Amino acid sequence: FFSDVSAACKFHNIPSDTVISENGVGQFEINLNHSANGLLAADHAVFLKRIVRGIAQKHSMKASFMAKPFLNLAGNGMHLHMSIVDNNGANIFSPKNQMGTNILKHAVGGMMSSLAESTLIFAPNINSYRRLKPGSHAPTSICWGYENRTASLRIPGGDVGNTRIEHRVAGADANPYLVAAAVLSGALRGIEKQIEAPAPIKGDSYSKNLDQIPSDWRKAIEIFKEGSFNRTFFSNTFCEVFSNLKLQELATFEERMENFEMMTYLEV
């Protein structure tokens with residue numbers, strides 16, 4: 001299976017890299033190498049998903065990109081790494097040490113200030129919110145940190161020349177184009193307005209008193225629909241259509257009653 005995925009990616013010029021066994025049973029992570037073009041990077045993510053589904057079908061298996069296909073196992077995320085280069089090709093996030101430049105911290109501040117309004121993009125479905133639970137290898141609070149995998153925004157360690165921000169909120173069920181647009185618009189807002197990021201967290205974010213990512217679908221829809229940030233970067237038409245579409249989906253789910261509900265309350 002993995003050999004076939006690798007061969008298909010190579011044939012279609014999809015820059016796939018390492019395949020890593022993850023926490024869940026049958027769960028794997030495939031990295032995509034850096035692309036200087038954000039739109040092309042989103043293309044790569046979409047094509048990779050199509051390749052994985054097609055190769056799985058060829059091997060009589062089913063590949064799922066649900067955010068939380070199994071309640072008792074880790075969910076599926078789509079982590080986006082981003083940096084910014086200047087006209088000379090230099091990474092403007094790179095300092096002389098691993099703490100990052102002020103412009104990196106402004107980008108983080110902008111991403112944090114827009115995260116709640118953008119959660120519907122990062123978690124677009126009812127199942128998405130089953131993944132965003134404490135202690136589940138997914139972030140639940142609006143925070144950032146150095147090499148902290150419980151934070152929603154992580155600054156990975158390593159070569160300072162490769163200093164970047166890892167956005168860890170989006171699920172594998174999210175639209176890569178919208179995720180990239182939301183991440184980049186948040187960073188741009190922070191840089192232009194020089195938004196100050198709070199102090200980076202240390203340790204387990206789940207145990208700290210922090211602002212929380214919207215924890216349910218309806219709340220995320222309401223925040224997206226009523227917020228002003230997204231309308232600064234996306235068209236009003238998109239914001240109206242996207243939020244109304246999600247309200248329609250939510251209404252469809254609310255009209256269904258599952259067997260467990262009947263079993264629990266039938267004789268009350």
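Student: Why is F238 called partly exposed?

Tutor: Happy to go through it; keep in mind that this is a predicted model. F238 has a relative accessibility of 21%, and partly exposed covers what lies between under 20% for buried and over 50% for exposed. Therefore F238 counts as partly exposed.

Student: And F242, buried or exposed?

Tutor: F242 has a relative accessible area of 9%. Buried means under 20%, so F242 is buried.

Student: What makes the pair of F238 and F242 stacked?

Tutor: Their ring centres are 5.3 Å apart, with the planes at 15°. The cut-offs are centres within 6.5 Å and, for stacked, planes under 30 degrees apart, so this pair is stacked. F238 and F242 are four residues apart in helix α8, which means about one helical turn between them. Ring pairs also link these two with F224 and F234 into a cluster.

Student: Why is the pair of W217 and F253 called edge-to-face?

Tutor: Here the centres are 5.9 Å apart and the planes are at 75°. W217 is buried, at 4% relative accessibility, whereas F253, at 44%, is partly exposed. In total, the structure holds eight aromatic pairs.

Student: How do you know that K49 lies over the face of F65?

Tutor: K49 is at 5.2 Å from the ring centre of F65. The distance limit is within 6 Å, and the charge must also be within 35 degrees of the ring normal. K49 is counted as lying over the face of F65.

Student: What stands out about phi of N13?

Tutor: Phi of N13 is near 60°, a positive value in a residue other than glycine. Most residues other than glycine have a negative phi. N13 is found in the loop between α1 and β1.

Student: Why is C9 called buried?

Tutor: C9 is at 0% relative accessibility, and the cut-off is under 20%, so C9 counts as buried. C239 counts as buried too, at 1%.

Student: How many disulfides are there?

Tutor: A disulfide needs two cysteine sulfur atoms within 2.5 Å, and by this rule the count is zero.

Conventions. Residues numbered from 1 in each chain as written. Predicted model: local features only at pLDDT ≥ 70, side-chain atom pairs only at ≥ 80, totals over all residues. Heavy atoms only, no water. Helix = DSSP H or I, 4+ residues; strand = E, 2+ residues; numbered from the N terminus. Buried < 20%, exposed > 50% of the residue type's maximum accessible area, 1.4 Å probe, protein only. Phe/Tyr/Trp six-rings, centres within 6.5 Å; stacked < 30°, edge-to-face > 60°.
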